[in-house]
Amino acid sequence: MELLSVAQMGRADALTIASGIPGTQLMARAGQSVFDALVTRWSVRPVLVLCGPGNNGGDGFVVARLLARAGWPVQVALFGQVSLLKGDALWAAHDWLAHCRGRGLSEPQAVLPWADLTPALIAQVGLVVDAVFGAGLARALPADCVAVFNQVRQTGVPVVAIDVPSGVWGDSGWSDPEPQGALAADLTVTFFRKKPAHWLYPGRALCGWTVVADIGIAPAVLPELAVQTFENTPELWRSAWPGHGAQAHKYQRGHAVVVGGARMTGAARLAAKAAARIGAGLTTVAAPQVAWPVYAASLDCIMVHAIQGHSARAQADDLAEWLTDPRLSSVLIGPGAGAEVRQAVLAVLRSGRNVVLDADALTAFQDRSAELFEAISRCQGRVVLTPHEGEFQRLFGRVLPQDQGLEQDKLARARWAAQRSGAVVLLKGADTVVASPDGRAAINGNAPHWLGTAGAGDVLAGIITGLLAQGMPAWEAACAAAWVHGEAARLFGPGLIADDLSEQLPAVLRSLHGWA
């Protein structure tokens with residue numbers, strides 16, 4: 001479940017080589033892994049291997065040699081010159097040239113100059129291996145590469161990428177927009193562990209099917225890498241999942257509170273049902289007196305508490321008084337809460353409870369983020385923020401550094417926001433990132449596209465609140481909720497509406513705990 005940055009993967013290579021395994025052996029295994037993945041998916045056809053000037057290109061030379069020995073028609077083109085290659089890449093190129101000399105081919109025939117990649121030549125191939133740039137590229141693609149990639153795109157031939165598609169930045173998944181974009185792959189083969197780019201969009205979409213190959217790097221190197229980025233899987237947070245003995249009663253399972261609004265009542269109800277379904281022993285919606293009948297008439301197992309007062313200030317004071325009850329464990333505020341919710345948010349943060357801030361609770365601090373972060377700083381790590389991109393910009397946009405490339409790096413952006421706010425930040429999207437102020441981050445990958453439906457975010461916030469009520473730490477609760485939320489949607493399938501998510505949670509929990 002570890003995701004390695006480009007620097008960490010380089011360090012893993014270096015540690016492995018220092019242990020006595022030559023770099024050429026790692027390169028040979030990498031090329032063999034790409035060859036194995038390729039030949040199991042496609043029949044024999046003409047292949048064009050596009051090699052770059054670094055070790056990614058070296059992997060490509062190994063693949064070319066293996067394909068040629070297996071009887072595949074192969075052509076190799078190099079972005080650069082063989083004479084300028086170094087180290088293991090030079091070794092791989094010489095191995096390819098030696099193979100070609102044995103077949104009576106000269107160097108210009110064995111390694112085509114990049115300029116010879118004409119549309120007519122590319123139109124004759126049946127598969128392209130992209131070994132031009134690996135994950136370490138962090139700049140725009142050269143124009144010569146773009147021209148060739150555009151020609152490959154026009155043919156529609158399958159593409160196999162080594163490590164990541166050329167043009168995708170390994171640490172962020174970012175790629176130049178078209179027509180300068182990365183060459184989308186049908187299959188990507190990477191090594192030892194995935195990188196953030198394999199999970200973050202647009203890189204995730206450009207990778208196609210991703211295979212992780214074992215090339216002989218031992219997991220024992222991981223402690224040396226100080227990994228803090230993970231794929232969000234149950235193994236990441238299962239040990240922190242709330243455990244309750246056979247004699248546990250409802251009060252020991254926590255009391256979740258959802259603060260509801262006077263008009264948009266559906267959001268709070270969706271969240272409250274999710275908190276109850278995920279295991280909170282008791283769940284209460286706290287709503288203004290005027291809306292109490294609406295909530296009370298539509299909720300059965302969930303209690304409703306009437307907040308008194310005719311003004312936002314009076315209601316915040318009444319809410320603060322009620323939250324002094326020590327039996328209340330966690331509080332969600334924001335879904336459907338309305339624009340005048342700022343005072344109530346501050347009251348909730350002063351309560352000392354575990355807190356989830358969503359929707360209106362975030363937007364209310366659009367021009368007052370420092371005030372919110374100051375209040376969060378007194379909560380000792382018990383706060384989770386759940387913005388989508390628009391809410392993130394409203395809350396953090398004015399204070400986001402403009403000189404660190406954060407706009408192009410969702411992972412770094414979420415990490416920065418967690419450290420700046422002092423809260424766990426769950427930045428929603430198809431590639432949801434959950435970041436902790438201590439630097440840990442997880443990327444969620446199981447959410448299907450049909451989860452993008454009104455009210456789904458309210459359910460997610462409710463799941464987090466229910467897990468916090470049961471004593472799960474904030475980062476683990478947010479990670480677990482994101483995965484459970486995505487899994488519920490995946491199991492239900494297309495046609496999902498937000499109401500279906502809570503009803504699907506029992507099936508997810510049975511599977512998660514091995515009861516299915």
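Biologist: Is Phe 392 buried or exposed here?
Modeller: In this predicted model, Phe 392 has a relative accessible area of 0%, so it counts as buried, for which the value has to be under 20%.

Biologist: And which aromatic cluster does Phe 392 belong to?
Modeller: Phe 392 forms one aromatic cluster together with Phe 373, Phe 396 and Trp 416, and the structure as a whole holds 8 aromatic pairs.

Biologist: How are the rings of Phe 373 and Phe 396 arranged?
Modeller: Those two rings are stacked, with 5.4 Å from centre to centre and 20° between their planes. Phe 373 belongs to helix H16, residues 369–377, while Phe 396 belongs to helix H17, residues 389–396, so this pair ties together parts that are 23 residues apart in sequence.

Biologist: Which arginine lies over the face of Phe 392?
Modeller: That is Arg 413, which lies 5.7 Å from the ring centre of Phe 392. Elsewhere, the charged end of Arg 193 sits over the ring of Phe 192, at 4.5 Å from the centre of that ring.

Biologist: Changing topic to helix H21, how many residues does it have?
Modeller: Helix H21 has 15 residues, 498–512, and from its first C-alpha to its last it reaches 21 Å, which is close to the 21 Å expected at 1.5 Å a residue.

Biologist: Where does H21 bend?
Modeller: The bend is at Gln 504 and amounts to about 40°, with a proline, Pro 506, following within four residues.

Biologist: Which residues of H21 are buried, and what covers them?
Modeller: Gln 504, where the helix bends, is one of the buried residues, and others among them are Ala 498, Asp 500, Leu 505 and Leu 512. The cover over the buried residues of H21 includes helices H10 (234–237), H11 (265–277), H19 (456–469) and H20 (474–492).

Biologist: And which glycine follows H21?
Modeller: The helix is followed by Gly 514, and the phi of Gly 514 is positive, near 75°.

Methods:
Residues numbered from 1 in each chain as written. Predicted model: local features only at pLDDT ≥ 70, side-chain atom pairs only at ≥ 80, totals over all residues. Heavy atoms only, no water. Helix = DSSP H or I, 4+ residues; strand = E, 2+ residues; numbered from the N terminus. Expected span 1.5 Å × (residues − 1). Bend = angle between axes of the 7 residues up to and from the residue. Buried < 20%, exposed > 50% of the residue type's maximum accessible area, 1.4 Å probe, protein only. Contact = heavy atoms within 4.5 Å. Phe/Tyr/Trp six-rings, centres within 6.5 Å; stacked < 30°, edge-to-face > 60°. Lys NZ or Arg CZ within 6 Å of the ring centre and 35° of its normal.
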